[in-house]
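Here are my notes on the model you sent over. Have the structure open while you read, and take the points in order.

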Amino acid sequence: MKARSSRMNDPSEPTTVALLREQYGPRVIIPLDRVMEDYFPGLSQEHLLRRIGEGKLNLPVVRIDASQKSAKGVALVDLATYLDRRIEAARKECR
């Protein structure tokens, strides 16, 4: 699914993907520790991965290698989609 910000109604405003590209540079995969630092500062990596595994957070985590100890990250487009969904849910709560 493409990350589509509700801001797309106004073409003069950047999309979430564009804003994340500015924040993280030309990365396709953002290291999980950076995502956690920026968006989940109160969670440990273990807790975040448990919440994802339980289906409480819909944010796919990519393992760079098949090894359990391999680096983990989040695709920039998946993070944008997640953030857009959270923004839309917050807006619906305010209506």
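1. Where is the place of E22? E22 sits in helix α1; helices here are DSSP runs of H or I with at least four residues, strands are runs of E with at least two, and both are numbered from the N terminus. With a relative accessible area of 64%, E22 is exposed. For the labels I use throughout, buried is under 20% relative accessible area, exposed is over 50%, and partly exposed is in between (1.4 Å probe, protein chains only). E22 and G55 are 33 residues apart along the chain, and their C-alpha atoms are separated by 29 Å.

2. A word on ground rules before going further. This is a predicted model, where local features need pLDDT of at least 70 and side-chain atom pairs count only at pLDDT 80 or more, while totals for chains, interfaces and linings use all residues. Residues are numbered from 1 along each chain as its sequence is written, and side-chain values use heavy atoms, with hydrogens and water left out.

3. Now the overall layout. The chain has four helices and three strands, and from the N terminus on the elements run α-β-α-α-β-β-α. The C-alpha trace spans about 45 × 30 × 25 Å along its principal axes. Of the 95 residues, 28% count as buried. If you look at contacts (heavy atoms within 4.5 Å) between residues at least 6 apart in sequence, 49% join residues at least 24 apart.

4. Back to helix α1 (residues 16-24), this time with α4 as its partner: their axes come within 9 Å and cross at roughly 125°. Axes are lines fitted to C-alpha atoms, for helices over the stretch in contact, and angles run from 0 to 180 degrees between N-to-C directions. The two helices are therefore oblique to each other; on this scale, under 35 degrees is roughly parallel, over 145 roughly antiparallel, 65 to 115 roughly perpendicular, and the rest oblique. α1 passes α4 in a right-handed crossing, where right-handed means the near helix is turned clockwise from the far one by less than a right angle, and left-handed means anticlockwise.

5. Which residues do the touching there? On the α1 side you have T16, V17, L20, R21 and Y24, and they meet L76, L79, A80, L83 and D84 in α4. V17 and L76 are 59 residues apart in sequence, yet 7.1 Å apart in space, C-alpha to C-alpha.

6. α1 also meets α2. The axes of α1 and α2 come within 13 Å and cross at roughly 110°, so the two helices are roughly perpendicular to each other. This crossing is right-handed. L20, Q23 and Y24 of α1 make the contact with R34, V35, D38 and Y39 of α2.

7. Three strands form an open sheet in the order β1-β3-β2, with antiparallel pairing; two strands pair if DSSP finds at least two bridges between them. β1 (29-31) and β2 (62-63) stand at the edges, each with a single partner strand, so one side of each has no neighbour in the sheet. α2 packs on the sheet, touching β1 and β3, and its direction makes about 70° with that of β1.

8. On the β2 side, β2 and strand β3 (residues 72-75) pair in the antiparallel sense over two bridges, and K72 in β3 is the bridge partner of R63. V62 is found in β2 and is partly exposed, with a relative accessible area of 27%. Leaving out residues up to four places away in sequence, V62 touches I29, A71, K72, G73 and A75. V62 and P31 are 31 residues apart in sequence and 9.2 Å apart in space, C-alpha to C-alpha.

9. Last, the aromatics. The structure holds one aromatic pair: the rings of F40 and Y82 have centres 5.9 Å apart and planes at 45°, so the pair is tilted. (Rings of Phe, Tyr and Trp, the last by its six-membered ring, pair if their centres lie within 6.5 Å; planes under 30 degrees apart are stacked, over 60 edge-to-face, and the rest tilted.) F40 lies in the loop between α2 (32-39) and α3 (45-53), and Y82 in helix α4 (residues 76-94), so the pair links distant parts of the chain, 42 residues apart. Both F40 and Y82 are buried.
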